[in-house]
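These are my notebook entries from going through one model. I wrote them in the order in which I looked things up.

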Amino acid sequence: MSGVEGHAAPGWQAVADAFAANFEEERELGAACCVYVEGRPVVDVWGGSADGRTGRPWLEDTVVTAFSTTKGATAICAHMLVERGELDLDARVADYWPEFATAGKEDTRVRWLLSHRAGLPAIDATLTIEEVCAWEPAVRALEAQTPFWPPGERHLYHAQTYGFLVGEVVRRVTGKTLGRFFADEVAGPLGLAAWIGAPEEVEPRAAHLVIETPPADLQAAQRARLEEVGVAPEAIPAVLAMAGELAAEPLVARSVDLGGSLPDGLVTENGAYNSRPLRAAELPGSSIVTDARSLARMYAATVGEVDGVRLLEPATVEKMCVVQSDETSLYNPPPGFAELAHWFETRFGSGVMRPTRFSPLLGPRSFGHGGAGGSLGCGEPDARVGFGYVMNRMNTNGTDVRAARLAAAVRDCLDG
């Protein structure tokens, strides 16, 4: 389509075509996609509008908040410390953070923070957005809190608390905030346009986020998505019903909005993650401001060398990718879940997502992390691929295929 800019190397045009198709078929507003192979970019495309209200175009240097895609960057930082011998995933959290050893958390292991098994998916205390951004109030609340389940026994996605928990351990080990460590050890050496805590001068480049209006027949769109990944038509009603029950778990909503500190959907017209305070905040679970190029370059440097920089050795990546949590350990599953669990795959290594049938990433050996609304960063160690996709129209209704389409095109190019 007209309006898509950038380039694709020979043999990689299919990814650029898939990117263009997202605008034509998936109502993409503004977006960027980048692919690195063996340390070099083979796809770097962008297009659309960075602000649908004004028509401001998405430019080569546009950046956007990518929500939980931040968690992949945070995991990489933690594993850099593991590789250096400064952090032991099997040590007690209290060995690094003594104040954490209260209310049943005394024996909590660092590994459980990274794999969503800490029993702290939500904060009991009521915090303002200002307190969330200030860091210390959230950390003090987590220190005092009793876990919702015995740490290590079960898992539930720690949407926001992951960042405070892992980030505080990194701060105790290094003396640096996670945002500062990321800047010094990852973004700086690689020359990334990526910040966990964006400076003021980045504001004019930031895209405006909007939540996509659900299709008129949402259930039909959801059925089509389920059929696409192989759910038998006769099983779809039960799968949709179970999805609704899982979403109704009270801790799920509380984990995302920090008990009401953040608005439903995470963005408002000019507030929450569309505001300067949250873009400036160092929230290692949700506030990275970046472009697709930087995500792809970061993951490329995790699975190989990029301009002389390699972030992690292969053995470290292998250990990071060992599955720690899956659907068999889900906290408080509703009645009947066991019979349908194979349709609700969850695969977490130590801080990174692993492939599932709904999100196959770049193949069975790949790893990475997606973010609310659709963004995705991931790496593939065998082909030494780094991938990044960011956008500003957030799909929150379970029908999003944009990142999956792009990742499938990458897989096809690798196979071809």
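Which residue forms a salt bridge with glutamate 203? I found arginine 276, with the closest N and O atoms 3.1 Å apart. I count a salt bridge when a side-chain nitrogen of Lys or Arg is within 4 Å of a carboxyl oxygen of Asp or Glu.

Before going on, I note that this is a predicted model, in which local features need pLDDT of at least 70 and side-chain atom pairs count only at pLDDT 80 or more, while totals for chains, interfaces and linings use all residues. Residues are numbered from 1 along each chain as its sequence is written, and side-chain values use heavy atoms, with hydrogens and water left out.

**Entry: salt bridges**

I placed the two partners first. Glutamate 203 lies in the loop between strand E6 (194–196) and strand E7 (210–211), and arginine 276 lies in helix H12 (residues 276–280), so the pair ties together parts that are 73 residues apart in sequence. Helices (H or I, at least four residues) and strands (E, at least two) are DSSP runs, numbered from the N terminus.

I then looked up accessibility, where buried means under 20% relative accessible area, exposed over 50%, and partly exposed in between (1.4 Å probe, protein chains only). Glutamate 203 has 17% relative accessibility and therefore counts as buried. Arginine 276 has a relative accessible area of 24%, so this residue is partly exposed.

The search of the whole structure gave 36 salt bridges. I looked at two others. One of them joins the side chains of arginine 171 and glutamate 136 at 4.0 Å, N to O. Arginine 171 is in helix H7 (residues 161–174) and glutamate 136 in helix H6 (residues 136–144), so this pair ties together parts that are 35 residues apart in sequence. Arginine 171 is partly exposed because its relative accessibility is 26%, and glutamate 136 is partly exposed at 32%.

The other is between aspartate 107 and arginine 109, whose closest N and O atoms are 2.5 Å apart. Aspartate 107 is partly exposed at 44% relative accessibility, and arginine 109 is partly exposed at 25%.

**Entry: strand E13**

Is strand E13 enclosed or open? I checked the residues of E13 (residues 385–391): 7 of the 7 are buried, so the strand is largely enclosed by the rest of the structure. In a regular strand the side chains alternate between the two faces of the sheet. In E13, Val385, Phe387, Tyr389 and Met391 point one way, and Gly386, Gly388 and Val390 point the other way.

I looked up the partners next, counting two strands as paired if DSSP finds at least two bridges between them. Strand E2 (residues 30–37) pairs with E13 in the antiparallel sense over 7 bridges. Alanine 32 has valine 390 of E13 as its bridge partner. Strand E12 (residues 376–380) also pairs with E13 in the antiparallel sense, over 5 bridges. Here glycine 377 stands opposite glycine 388. E12 and E13 form a hairpin with 4 residues between them, and arginine 384 in the turn has a positive phi of about 55°.

**Entry: the open sheet**

I traced an open sheet of 3 strands in the order E5-E8-E6, with antiparallel pairing. Strand E5 (64–65) and E6 stand at the edges with a single partner strand each, so one side of each has no neighbour in the sheet. E6 is joined to strand E8 (residues 288–290) by 3 bridges. Isoleucine 196 stands opposite isoleucine 288 in E8.

**Entry: helices H2 and H13**

I found that helix H2 (residues 69–83) and helix H13 (residues 292–303) pack at an angle of about 30°, with their axes 12 Å apart. Axes are lines fitted to C-alpha atoms, for helices over the stretch in contact, and angles run from 0 to 180 degrees between N-to-C directions. The contact (heavy atoms within 4.5 Å) is made by Thr69, Gly72, Ala73 and Ile76 of H2 and Leu295, Met298, Tyr299 and Thr302 of H13.

**Entry: positive phi**

Most residues other than glycine have a negative phi, and most peptide bonds are trans. I noted glutamate 38, with a positive phi near 50°, in the loop between E2 and strand E3 (40–51). Aspartate 307 also has a positive phi near 50°, and lies in the loop between H13 and helix H14 (314–321). Aspartate 307 is partly exposed, at 49% relative accessibility.
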